[in-house]
Amino acid sequence: MKKQLLTLSVAAFVFGGSSLASAQHCTVQNGDSLWKIAQRYKIPFEEILKHNAHFKNPHLIFPLDKVELPDHTEHGTSTDQHSKSDNIETGDKKVEQSAPSEQAEAVLALVNQEREKAGLKPLKMSEELRSIANLKARDMAENNYFSHTSPTYGTPFQMLQDFGVHYRAAGENIAAGQRTPEEVMNAWINSSGHRANILNANFDTLGVGVYSGGSYGIYWTQLFTGDGE
């Protein structure tokens, strides 16, 4: 199976606000994102995207924009809706895939093992970052590329900003082709750039995305952020 690794880290600053709602739509205010609105109204993020195709870039909305809301706002949402947990066919082998949430938690545990060895504080899993990381992993698979710069979302930092994520420092590790959390973490921790992100003392939050499909069979994304406190 083909395998790839790539890492990116930078410091940045993002600020935000809140939103107001009406019966069938909400009015965007400073700092809002479609992801935040979906969480607020307990609407699956994918449905928010479908109902707001009028936005040229649905991940970049502006104050006073109108965001349409599906009728069934009483339903909950799933942070794994953008990931597949199907088995991956690789030649004559079948790679058994656990649920994406289990894979993400396994990667987090392995990350925190390495941070504990280095005397660093453990990272917390962010459901918001995990949702965004899943989108990036899926985007790489479906658009057949392997890069920090997405043709859909731009750089990781543009993507975080467009989704309204607050941070002072951020980084991204991506990988493709590794079949298990242990295999991908072994590859990352033995690469100096990826290891630097994993052991960066400025980071306190992590999102892990996993998507099965595409030319590499499986894609992984780690999104790190830190508030700089």
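Predicted model: local features only at pLDDT ≥ 70, side-chain atom pairs only at ≥ 80, totals over all residues.
Glutamate 127 counts as partly exposed, at 33% relative accessibility, where buried means under 20% relative accessible area, exposed over 50% and partly exposed in between, with a 1.4 Å probe and protein chains only. Its side chain meets that of arginine 130 in a salt bridge, a term that requires a side-chain nitrogen of Lys or Arg within 4 Å of a carboxyl oxygen of Asp or Glu.

Residues are numbered from 1 along each chain as its sequence is written, and side-chain values use heavy atoms, with hydrogens and water left out.

The structure holds 5 salt bridges, including those tabulated here.

| Salt bridge | N to O distance |
|---|---|
| Glutamate 114 and lysine 117 | 3.5 Å |
| Arginine 130 and glutamate 127 | 2.8 Å |
| Lysine 136 and glutamate 172 | 3.1 Å |

Lysine 136 lies in helix H4 and glutamate 172 in strand E8, so this pair ties together parts that are 36 residues apart in sequence; helices (H or I, at least four residues) and strands (E, at least two) are DSSP runs numbered from the N terminus. Both lysine 136 and glutamate 172 are buried. In helix H3 (residues 100-117), glutamate 114 and lysine 117 are 3 residues apart, or about one helical turn; glutamate 114 is buried at 16% relative accessibility, whereas lysine 117 is exposed at 64%.

Helix H4 itself covers residues 127-143, and its end C-alpha atoms are 24 Å apart, in agreement with the 24 Å that its 17 residues should span at 1.5 Å a residue, the expected span being 1.5 Å times one less than the number of residues. Of these 17 residues, 13 are buried. Just after H4, asparagine 144 takes a positive phi of about 55 degrees.

Aromatic pairs, of which the whole structure has 4, are rings of Phe, Tyr and Trp (its six-membered ring) with centres within 6.5 Å, counted as stacked when the planes are under 30 degrees apart, edge-to-face when over 60 and tilted for the rest. Tyrosine 153 and phenylalanine 163 form a tilted pair, 6.3 Å centre to centre with 50 degrees between the planes. Tyrosine 153 is buried, with a relative accessible area of 11%, and phenylalanine 163 is buried at 1%.
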